[in-house]
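Please read the points below with the structure in view.

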Amino acid sequence: MKTSIKNLFTILTIFTFSISFAQKIEGVVTTNTNTPLEAVNVVIKGTTSSTTTDQNGKFVLDTRGKLPLTILVQYVGYKTAEIEVTTLDAPPLTILLNEENELGEVVVSSRRRIEKVQDVPIAVSVITGKQAEQTGAFNVNRIKELVPSVQLYSSNPRNTGINIRSLGSPFGLTNDGIDPGVGFYVDGVYYARPAATTLDFIDVEQIEVLRGPQGSLFGKNTTSGAFNITTRKPSFTSGADFEVSYGNYNFLQAKASITGALGKKVAGRLSFSGTQRDGLIDNVATGRPTNTLNNQGIRGQLLFTPSERTNIILAADITTQRPDGYAQVVAGVAPTQRAAYRQFDAIIKDLNYQLPSQNAFDRKIDHDTPWRSGQDMGGISLNIDTKIANGTLTSTTAWRFWNWDPSNDRDFTGLQVLALSQNPTRQTQITQEVRYAGQLTSRISGVVGAFFIDQTSQTNGTEESGNAQWRFAQSTTSALWKTPGLFEGYGIKTDANIRASSAAVFSQIDWAITDRLHILPGLRYNFDKKDAHYARTTYGGLQTTDPALLALKKLVYSDQAFDSSIDNTDFSGNLTLTYKASDKINAYATYAKSYKPVGVNVAGLPTNSAGQPLLDLAVIKPEKVNHYEVGVKTSPFKNSILNLALFRTEIKDFQTNVQAAELGVNRGYLANADKVSVKGAELDASFVVNRNLTINAAATYTDAKYDKFTNAPLPLEETGAPVSFKDVSGSSLPGASKWAGSLGGELSDRATFFGNAGKIFLAVDSYARSEFSSSPSASKYLVVPGYAIFNARLGFRATQGLSIQFWGRNLLNKDYYEQLLPAGGNTGQYAAVLGDQRTYGITLKYSL
């Protein structure tokens, strides 16, 4: 990767010297006491052209629009100023900002228009690109430490689930046959694969995390929330950023971004990110560490402005991930209700095997099957924004792909139980969204749009037994199980594919009954269709015609094939009432009726006593969601934010994932729980104590449970019971902590470093969550204990020139689990996805 970074930096440096053809507006922003303000947001009203001030309060804003025009000047804790510009020949502007008792000057585009986050009647958290960089939050897994309502669980990129308020994706192993409940958008493009959340961010401008159903504002219907990510756009003013980080375990991360004019109406931006790190777990069998990082990504954009009313952006990106990793460590052994000879300890004793360690936090494995989690993801998109009347018409067209190339050791031991376990997949998607957002009358504004997605996913998998399979699969005392070579090389080839199409029209209006009282109705109509094919064929093992031996082989793997096809239509919508009691208090109440589309199983089905698949599980009912929320956004005193939201979500036919005891059901299967409810409260707070000290805090309480789930899978310790299902009504949902929160602060002061004016700072961040179940049916062995981690950074940052920071993560070196999961076949052993131990390093950044 070092060579590729060096070559790319050379290209980026050459590109930096592109010549700007844009006309410029220059100025300086100060307080009314003539103190320069740094990082002020300066925007040309009605366009996407923007910039920020440097440490001296100066700014240069490129413009291609006709005069006169209006610029908006926005800064936290100050009233927004609107300045009309009638000529470009005048001297630089001098703009004075007056303080106000409000911290809510962060602007968002969640409702398809630019507005203050405190004015949006949605529970939304905003992480700026700079904040993400400064805290080391270079992927979604790090973002959850800043937004505690977010949960991300990943045993590898494919088996990744992202939840908001404990809802979104079934906890456990991923099934391609259902839609995620949390939308993931980058520059308006919907990413259908949850694996996207494991990759590094590339040149991010802002991350908006919306909580609750989002069906009338976004193209893809989502029941739990959405990530709305915007990247930095091309600029006609040349600029560049270069950043490199180095830390323990040979952590190396490099980022670069350059932008500039390519012509009078064309500008470009090229961005790169690369991350590598040595492994954090020792494989005593191979003698080298595993669970490395090895990610590279590049994104290019071209901006074309044929007129002052139209912007066209063509973007392309590709990201690769080639880690030696995602290995899980055995965390314990649960006694099951199977016969004594079928207990894990008895099995490995008969095979003369011992685990390399009984303590997961020794971080030792002896896996004999290589771990491989290679993935390639990328695509191309065309976004057209054109102003029509008092609004903007937007068209977003995109094609994306995802290639997955895995290898796993699903028995988590050094024994050849499963010699192969891999399900490579290729997914492609085409999306089209068209929407119009604007002011319809003097009292009514709104959004109306249409969305279409067509995606296909093809998996060609292999699972193959090794020489220890006979003992793990043994279910009778017959001596035939010991037949030499009976199961060695015996496995299944899987052909699974799914095509899913969805089309929708959606709208939401904002009716200002008075200046303070607004009502916001939204409506959505959706059509979904899914066609799936699944077939697996056995191969290998001892070639025999003996019926008794063939019967034993079928107890491990059997042929299975089925097809399913389903379509569904749905009306959904929401109604929000918002009242701005004063400039400091904005209250809202929302009711939303939402749904998650029908699902299909494409990873194998459990079988009945005759060995036939349970075809009634091939199709999964859609989720029906009723959501209630009230919230208040306040600024109780100068330079402060204190927001509170109370919510309750009720789901009928909740789509959940079941880890089957049968080896042939590769990644579990989907089922419906009758009814689920989630209720809770969220608190967000930000305080600027003075010019040197800021404090941020967030907390969430969540009570998530199965109201009715009578046919749940058995917990791990009840495997082998005379019944096949269990009534877990009243128990907690997996992955749901009662409490979670974050607390951070920064102490800073102005300073000069190598001739650059900026700020010296010391920042501390913390994240904590209480215990949670790590199993679809609560198991006392699969409970992740609560934990808290602390991060800190010390350094100097400047708007231009050199910035430096020293950082440390998990400073107290806390041992904690991120997830617990049973081994294939549910023989008793269970493994853990471990949180990272203490890491530390240094980051250097240079901005031109």
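With which side chain does the side chain of E208 make a polar contact?

1. The model under review is predicted. In it, the side chain of E208 makes a polar contact with the side chain of Q206, at 3.2 Å. E208 belongs to strand β15, which covers residues 204-211. With a relative accessible area of 1%, E208 counts as buried, because the cut-off for a buried residue is under 20%.

2. Helix α6 comprises residues 547-556, and its buried residues are L549, L552, K553 and V556. Viewed down the axis of α6, these buried residues fall within an arc of 100°, so they line one face of the helix.

3. The buried residues of α6 pack against β30 (444-465) and α5 (469-473). On the face turned away from the buried side, α6 carries the exposed residues P547, K554 and L555. At the start of α6, a side-chain oxygen of D546 comes to within 2.9 Å of the backbone nitrogen of A548.

4. The volume of the largest cavity is about 760 Å³. Its lining consists of 38 residues, and those nearest the centre are N141, R277, E818, L834 and D836. The elements giving two or more residues to this lining are α3 (140-143), β11 (150-154), β22 (293-307), β47 (787-797) and β50 (829-834).

5. Sorted by class, the lining of the largest cavity has 15 polar, 14 nonpolar and nine charged residues.

Methods:
Residues are numbered from 1 along each chain as its sequence is written. This is a predicted model: local features need pLDDT of at least 70, side-chain atom pairs count only at pLDDT 80 or more; totals for chains, interfaces and linings use all residues. Side-chain values use heavy atoms; hydrogens and water are left out. Buried means under 20% relative accessible area, exposed over 50%, partly exposed in between (1.4 Å probe, protein chains only). Helices (H or I, at least four residues) and strands (E, at least two) are DSSP runs, numbered from the N terminus. The arc is that of the directions from the helix axis to the C-beta atoms. Contact means heavy atoms within 4.5 Å. A polar contact is a pair of N or O atoms within 3.5 Å; within protein, one must be able to donate a hydrogen and the other to accept it, and residues adjacent in sequence count only if both atoms are side-chain atoms. On a 1 Å grid over the protein atoms alone, a cavity is a set of points where a 1.4 Å probe fits but cannot get out, and a pocket is an open set with protein on both sides within 12 Å along at least five of seven lines; lining residues have an atom within 4 Å of a point. Grid points are joined across faces, edges and corners, and a volume is the space filled by probe spheres set on the points. Ala, Val, Leu, Ile, Met, Phe, Trp, Tyr, Cys and Pro count as nonpolar, Asp, Glu, Lys and Arg as charged, and the others, Gly among them, as polar.
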